[in-house]
Amino acid sequence: MEISSPFRSEAITSPLSQIHYRLGPIVKEARSRLDFEQFAMELVARVFGYHSGTNDHKLLEKASTKHLMGDGLVLMTQAMMDNLQNLMLHSVGSVDGEKKWQQDGLFNYSYNIVFRAGYLALFGNESVKSQGNSEKAKKHDRDHSEELFGEFRKYDKLFPRLAYAVLPPKDKLEAERLKRLFWNMLSIKKTPTERKHQWLDY
């Protein structure tokens with residue numbers, strides 16, 4: 001918070017700032033003139049191409065109550081744990097009994113694993129039936145989620161300037177390509193029925 005005469009101003013960060021912490025303050029305005037809801041809607045439309053409806057907040061609250069509390073939370077937590085184990089432990093041990101070590105920065109590693117496990121927990125896993133056996137299905141999940149994460153990191157690097165609306169033409173084209181890619185890859189309608197978790201049908 002900053003105090004500046006004659007008005008008190010507050011720095012408002014992106015609604016997604018917990019993920020994109022590097023964005024920092026992007027709006028400064030007197031409290032009396034601040035409309036955070038309108039600002040958030042405009043920001044989400046600009047950076048993700050999503051135009052929220054009037055009932056979005058109520059639907060989100062209802063879905064959160066159903067799936068992030070009680071039995072619903074147990075199922076979500078188990079899905080997350082299963083995917084964390086697949087991503088983190090698949091390379092531990094080998095045919096000759098030795099462990100395979102990989103080196104990476106703590107932030108990069110954590111970002112990669114949590115993003116991919118969260119994506120798989122929400123959007124479902126490849127079915128054993130489609131791949132022939134459990135190991136192939138798990139490998140498909142690892143490869144697919146790694147590919148998606150790589151594309152997301154490209155978008156993540158563009159995000160601050162996209163939020164500021166100061167992207168150069170070349171980067172604007174790349175941002176639009178990535179948005180179309182995400183809309184296609186994350187489309188619930190295009191998600192195979194056998195992969196869907198119950199919260200996707202909400």
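A residue is called buried when its relative accessible area is under 20%, exposed when it is over 50%, and partly exposed in between, using a 1.4 Å probe and protein chains only. By this scale, Glu176 is partly exposed, with a relative accessible area of 37%.

The model is predicted, so local features need pLDDT of at least 70 and side-chain atom pairs count only at pLDDT 80 or more, while totals for chains, interfaces and linings use all residues. Residues are numbered from 1 along each chain as its sequence is written, and side-chain values use heavy atoms, with hydrogens and water left out.

## Overall makeup

The protein has seven helices and three strands. Helices (H or I, at least four residues) and strands (E, at least two) are DSSP runs, numbered from the N terminus. Read from the N terminus, the order of elements is β-β-β-α-α-α-α-α-α-α. The protein has 202 residues, and 32% of them are buried. Its accessible surface is about 14,000 Å², with 57% of this belonging to carbon and sulfur atoms; accessible areas come from the Shrake-Rupley method with a 1.4 Å probe, and for residues only the protein chains shown count as cover.

A contact is defined as heavy atoms within 4.5 Å. Of the contacts between residues at least 6 apart in sequence, 64% join residues at least 24 apart.

## Salt bridges

A salt bridge is a side-chain nitrogen of Lys or Arg within 4 Å of a carboxyl oxygen of Asp or Glu. There are eight in the structure, including those in this table.

| Asp143 | Lys139 | 2.7 Å |

Asp143 and Lys139 belong to helix α6 (residues 134–164), where they are four residues apart, about one turn of the helix. Asp143 is partly exposed at 42% relative accessibility, and Lys139 is partly exposed at 43%.

Glu151 and Lys154 are also in helix α6, three residues apart, so about one helical turn separates them. Glu151 counts as buried at 15% relative accessibility, whereas Lys154 counts as partly exposed at 39%.

Glu176 and Lys179 lie in helix α7 (residues 169–185), three residues apart, again about one turn of the helix. Glu176 is partly exposed, but Lys179 is buried, with a relative accessible area of 9%.

## Nonpolar core and surface patch

In soluble globular proteins, nonpolar side chains tend to be buried together. A nonpolar core is a set of buried Ala, Val, Leu, Ile, Met, Phe, Trp, Tyr and Cys residues joined through side-chain atoms within 4.5 Å. The largest such core here has 23 residues, among which Val47, Tyr155 and Phe182 touch the most other members. Elements giving two or more residues to this core are α1 (36–48), α3, α4 (106–123), α6 and α7. Helix α6 supplies the largest share, eight residues. Apart from neighbours within four places in sequence, Val47 contacts Tyr155, Phe159, Leu162, Ala163 and Lys179.

On the surface, Leu68, Met69 and Leu73 make up a nonpolar patch with about 270 Å² of accessible area together. Patches consist of residues with over 30% relative accessible area and no salt bridge, with like charges joined within 9 Å and nonpolar side chains (Val, Leu, Ile, Met, Phe, Trp, Tyr) within 5 Å. Met69 sits in the loop between α2 (56–67) and α3 (70–89).

## Two residues of helix α4

Arg116 is located in helix α4 and is buried, with a relative accessible area of 7%. A polar contact is a pair of N or O atoms within 3.5 Å; within protein, one must be able to donate a hydrogen and the other to accept it, and residues adjacent in sequence count only if both atoms are side-chain atoms. The side chains of Arg116 and Ser145 are joined by a polar contact of 3.0 Å. A polar atom of the Arg116 side chain also lies 3.0 Å from the backbone oxygen of Arg142. Not counting residues up to four places away in sequence, Arg116 touches Leu87, Arg142, Ser145, Glu146 and Phe149.

Gly118 is in helix α4 and is buried, with a relative accessible area of 17%. Gly118 and Met81 are 37 residues apart in sequence, and their C-alpha atoms are 9.5 Å apart in space.
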